[in-house]
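Please study the sequence and the three-dimensional structure shown below before reading on. The paragraphs after them are meant to be read with both in view.

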Amino acid sequence: MHTAKQIANFLKDHNNYIIIPHRSPDGDCLGSSSALLLALRSLGKNAAIVLPSPISHRHEFIWDSSYEKVDFKCETAISVDVAADDMMLGLYEEIYQKADYRICIDHHTTNPGFGSLNFVDGKAAAAGELVYQIIVELGVEMTKDIAERIFVSIADDTGAFQYSNTTARTHMIVSSLYDANIDSDSIMRKLFATHTVAELNLLKFVTARMEYHCGGKICTSYVDSEALIASGAEMSAADAWIGLTRAGEGIEVGMMFKLLSDNETRVSLRSNSYVDVSAVAQKFGGGGHVRAAGVTFCESYAEAKKKLLNEFEKLV
Ligand code: 5GP
Ligand code: MN
């Protein structure tokens, strides 16, 4: 395990960085990756972000196409918020493995440490907390642009500072971001209180398809192509409603199934207070955090649901 200082010293001594967030990128990986990119560029380094899959409409406000401009040969690849190498999809083989050096910056307890330098801290609420520490060690000025991207990262992964991963350190970091005049209210509105019409249309399907199991302790819902066509939404719109699967009174475990095809089912797992969903995700090759994890089955929705219910029945 390496420290923020060791990572910062390495970054100062080298050049030509490709930053890779995880597939289906969320506010944490996009915010922390772009904050790190801006910090490296302010040091005069060549740096770019290469995305395994496109960003969603929700995060466009922190994005600029210039972040993705690669006009140099990669020397060091940096994964940010990537829990497992397969979460980089083909970029793991194409870029990460081929780089001279590999840095892994992450906050998933299930991360095996696949970099040559690993800064992994499961107690950090978001990868943005780790990138913040690196930027402080780099001695780079905390500009409004950088501070807002770290704010997006932390606000997103803590569910607006609601989840159990929120700590005193989270608030201390965020409080210092206000020194850079961040527009926190505008960011919060964009992240948590603004939805496309398609997303709202999809919500009808998500609630109509909720099923309760184990005396109301487990709730499942699903999104399939029928719901997407009828609502005009893309599959990533389902992410806006994952939290609702654990919102019902008395529910401990929520599961949102995304039916990608007849034999590919992605599941987002959430819990409220005592079930470790990452442990269950890991049993099936996935991972994540204690209260939020994910796994992809090469199986039908019915099979995946049966297997997960079988595990969670023993735990709720
Ligand atoms: P989400 O349900 O929002 O896609 O993911 C919840 C958390 O679990 C995120 O931190 C995400 O990175 C992690 N996660 C989701 N799917 C997988 C997976 O297949 N493998 C691993 N290791 N982590 C995952
Ligand atoms: Mn994260």
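Predicted model: local features only at pLDDT ≥ 70, side-chain atom pairs only at ≥ 80, totals over all residues.

Two of them, Asp 81 and His 107, show how distant parts of the chain are linked, for they are 26 residues apart. Asp 81 belongs to the loop between strand E3 (76-80) and helix H3 (91-96), while His 107 belongs to the loop between strand E4 (101-106) and strand E5 (117-120). Asp 81 and His 107 are both buried.

The next site is that of ligand 1. There are 15 residues around this ligand, and those that come nearest are His 108, Ser 268, Arg 270, Gly 287 and Gly 294. Three of these residues can be described in further detail. Ser 268 places a polar side-chain atom 2.6 Å from an oxygen atom of ligand 1. Arg 270 likewise has a polar side-chain atom that lies 2.8 Å from an oxygen atom of the ligand. In the case of Gly 287, a backbone N or O atom lies 3.1 Å from a nitrogen atom of ligand 1. On its own, ligand 1 has 490 Å² of accessible area, and the protein covers 84% of it. Which strands each supply at least two residues of the shell around this ligand? They are strand E9 (264-271), strand E10 (287-288) and strand E11 (292-297). Strand E11 gives the most to the shell, with four residues.

Attention may now turn to the aromatic side chains. The structure holds nine aromatic pairs. One of them is formed by Phe 10 and Tyr 101, whose ring centres are 5.1 Å apart; their planes stand at 75°, so the pair is edge-to-face. Because Phe 10 lies in helix H1 (residues 4-13) and Tyr 101 in strand E4, this pair ties together parts that are 91 residues apart in sequence. Are these two residues buried or partly exposed? Phe 10 is buried, with a relative accessible area of 10%, whereas Tyr 101 counts as partly exposed at 34% relative accessibility.

Another pair consists of Tyr 96 and Phe 114, with ring centres 5.7 Å apart and planes at 75°, so this pair is edge-to-face. Tyr 96 lies in helix H3 and Phe 114 in the loop between E4 and E5, so the pair links distant parts of the chain, 18 residues apart. Tyr 96 and Phe 114 are buried. Together with Tyr 92, these residues form one aromatic cluster.

Two further contacts complete this account. The ring of Tyr 163 has the charged end of Arg 246 sitting over it, 4.9 Å from the ring centre. Glu 129 is found in helix H4 (residues 127-138). The residue Glu 129 is buried, with a relative accessible area of 0%, and its side chain is joined to that of Thr 170 by a polar contact of 2.7 Å.

Notes: Residues numbered from 1 in each chain as written. Chains lettered and ligands numbered in written order. Heavy atoms only, no water. Buried < 20%, exposed > 50% of the residue type's maximum accessible area, 1.4 Å probe, protein only. Phe/Tyr/Trp six-rings, centres within 6.5 Å; stacked < 30°, edge-to-face > 60°. Lys NZ or Arg CZ within 6 Å of the ring centre and 35° of its normal. Near = heavy atom within 4 Å. Polar contact = N/O pair within 3.5 Å; in protein donor to acceptor, adjacent residues only side chain to side chain. Areas by Shrake-Rupley, 256 points an atom, 1.4 Å probe, with all protein chains shown as cover.
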